[in-house]
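Reader: I'm new to this one and would like a short tour. Could you take my questions one at a time?

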Amino acid sequence: MSTPSSTSRPTATGPAGDTGGAREYTATGGDWDEISADAMANPDERIVVNMGPQHPSTHGVLRLVLEIEGETVTEARGGIGFLHTGIEKNMEYRTWTQGVTYCTRMDYVAPLFQEVGYCLAVEKLLDITDDVPERATLIRVMMMELNRVASHLIALGTGGNELGATTMMTIAFTAREDILKIFESITGLRMNHAYIRPGGVAVDLPPGATQMVREYIPQIRDRIGQLEKLSLKNPIFLGRLQGVGYLPLAGAMALGAAGPILRSAGLPFDLRKSQPYCGYETYDFEVPTHTDADSYARVVLRFKEMRESLKIVQQVLDRLEAQDRKGKHPVMVADKRIAWPAQLSVGSDGQGNSLDHIRQIMGSSMEALIHHFKLVTEGFRVPAGQVYQQIEHPKGVLGVHLVSDGGTRPYRAHFRDPSFNNLQTLGMMCEGGTIADVVVAVASIDPVMGGVDR
Amino acid sequence: MADSTGKGRGRSPEPRTTKTAMGATHDVQNFDVDSDEDKSALEEFFAPVAGFGVTMASLFRPVVTEQYPFEKKPTAPRYHGRHQLNRHPDGLEKCIGCELCAWACPADAIYVEAGNNTPDAQYAPGERYGKVYQINYLRCIFCGLCIEACPTRALTMTNDYELADTTREKMIFEKDQLLAPLRSGMLSAPHPMVEGTTDGDYYRGAVTGPTAEQVDWVREHRPEDPSLESAADPGRAQGGKR
């Protein structure tokens, strides 16, 4: 029964008991007529509405607390934590290698970025950054850039779906499917790959992989072109997005936003250019910016960035093929104390350790067998110290802070997920707009709650 | 907070700012939304309704929907599917119960209990075999660290992905569900190793199939064993040791 009450009960924006004597209605299980009649009788009351965490347009389990005046949002706050899974804490109880399987699940739309960020950080702590084979770095760059396209496609597709443009979603997911097929053939999984490892990558590309990627790229470009045609000049799309979710440069910088949000305000901030890693300084690509600082600008930027990413992929493919012509190249550091011992091969009995490896460890070398056991059970030791590694995630700056006490597991692993920081801009973007604009603004932030809550 | 914001903050001020922001790398005024091709004047004119063109063209594009479960598309060869416990060519199990897979598993999904091989019950070459082997598919994350850890290629991953079931108990796969079926010519365990071999010979690939002695041993101890028929076939690989 929903009776108006002025007793202290938890409210949307304040702590329990801090209603300030305000009238409160609970809109569950009661008679709505009664509530609305009472609200009409007291028109000066403020109305606080909960949007989410189950609302389909809040991108997963994001809870939005909106204070509204008619259709206008006067105050907007985000409620997070509904997808908290304790990934960082769990990583403290796993070896450095096993940690990859955990951090890949943070921002599950862009899993390879967490993997690369984490592995670069571990490599920095081990002081083997320069020893990582070139081929492993090339593969990492290719996987990251393909993943960037996939992540932006999700942002644009689901964003369009929330505006009612279901076609945006179907086309975006179709294009993403091509990328996931590439991932499946290279890593064996479509998401959450655990493919990047400290010291390199788990396994080399399968035969014909570069050719396969080349064949998929025109298809992906074509679908991106379809999305552009559907959205960029569409009067309804323009009407919904232009001028909505406005966040000027000063606001974006003050709130620590990065990625397309910051670049849409005009700052060409991209870590691939400003602090290159994985050899990004050797690729020819541009950092698109915009000055409108609204949701539409962010959509335009995502389209531009996808095309730039595909440009990088083409350059990586050229280099990988040039390497292929020169014979076999390692994909893992030479240091056997760190390199995971496995050499996987696919046979009629499925995928498993290659028979050559078995023959060596079980048939001839007891030392190799002991080493295999030590690395699998205990893992490798990482010198005590701490490290901070940043990479350019599709959504902004991904920071990885690792602390080692010299053991085989992290003492502490912390991720600065871009979605988390970008989500802080929510209030600035939404307040003063309408409820419908909130949906657009949140879509332009593109938060993934797996990353926000970790 | 609410009183300080006022209306209109979510909307950009009109007219929209056009001043070049600090160090922008692009000519923002002539921002080209479709970098692939220069648009003709006609295309520019019809751009607001270009979406209809996409819709019409879609009528003539091949359908991308996959008709699962009526048509199953094969996965990539490397796909991480259901696990399989393999056998040596003579039918002995490859798993030696070392528990490395359980150690490597980041999700604690594997439980292994080793048992001692005896002359009466020799399941795997060498001293020990996997007596209890369980994989909990409610925990498994299919990362593949277990197959990378397995020192005997006993554990591999197949491309089988249809793992859903109705109860939690059924999702814990036991050894008999995971063990690879006997291929034609293999002799079901337990039976003695090929005479005159060590476990090292098995890992070096020296054993190619069951020998007559092994067949005789099984015939004596388990006369009803269905694998006897194909293993005893003289046309089959009566290889023993190469």
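Author: Happy to, and bear in mind that this is a predicted model.

Reader: How many bridges join strand β6 to strand β7 of chain A?

Author: β6 covers residues 344–347 of chain A and β7 covers residues 350–353. A hairpin of two residues takes the chain from β6(A) to β7(A). The two strands run antiparallel, and the number of bridges joining them is four.

Reader: What is the strand order in the open sheet of three strands in chain A?

Author: The pairing in this sheet is antiparallel. β1 (47–51) and β3 (72–79) of chain A each have a single partner strand, so they stand at the edges, with one side of each left without a neighbour in the sheet. From one strand to the next, the twist averages 25 degrees. Reading across chain A, the order is β1-β2-β3.

Reader: Which residue in β2(A) stands opposite Asn50(A)?

Author: β2 of chain A spans residues 63–69, and five bridges join β1(A) to this antiparallel strand. Across from Asn50(A), the β2(A) residue is Val65(A).

Reader: Which helix of chain A packs on that sheet?

Author: Look for a helix at residues 435–445 that touches β1, β2 and β3 of chain A. Its direction makes about 150 degrees with that of β2(A). The helix is α17 of chain A.

Reader: Over in chain B, which helix gives the most to the nonpolar patch?

Author: The patch has about 590 Å² of surface and is made by Leu42(B), Phe45(B), Phe46(B), Val49(B) and Phe52(B). A helix at residues 41–46 of chain B supplies three residues. That top contributor is helix α2 of chain B.

Reader: And Leu42(B), is that residue buried or exposed?

Author: Leu42(B) is found in helix α2 of chain B and is one of the residues making the nonpolar patch. The cut-off for exposed is over 50% relative accessible area. With 58% relative accessibility, Leu42(B) therefore counts as exposed.

Conventions. Residues are numbered from 1 along each chain as its sequence is written. Chains are lettered from A and ligands numbered from 1 in the order in which they are written. This is a predicted model: local features need pLDDT of at least 70, side-chain atom pairs count only at pLDDT 80 or more; totals for chains, interfaces and linings use all residues. Side-chain values use heavy atoms; hydrogens and water are left out. Two strands pair if DSSP finds at least two bridges between them. Axes are lines fitted to C-alpha atoms, for helices over the stretch in contact, and angles run from 0 to 180 degrees between N-to-C directions. Contact means heavy atoms within 4.5 Å. Patches are made of residues with over 30% relative accessible area and no salt bridge: like charges are joined within 9 Å, nonpolar side chains (Val, Leu, Ile, Met, Phe, Trp, Tyr) within 5 Å. Accessible areas come from the Shrake-Rupley method with a 1.4 Å probe; for residues, only the protein chains shown count as cover. A salt bridge is a side-chain nitrogen of Lys or Arg within 4 Å of a carboxyl oxygen of Asp or Glu. Buried means under 20% relative accessible area, exposed over 50%, partly exposed in between (1.4 Å probe, protein chains only).
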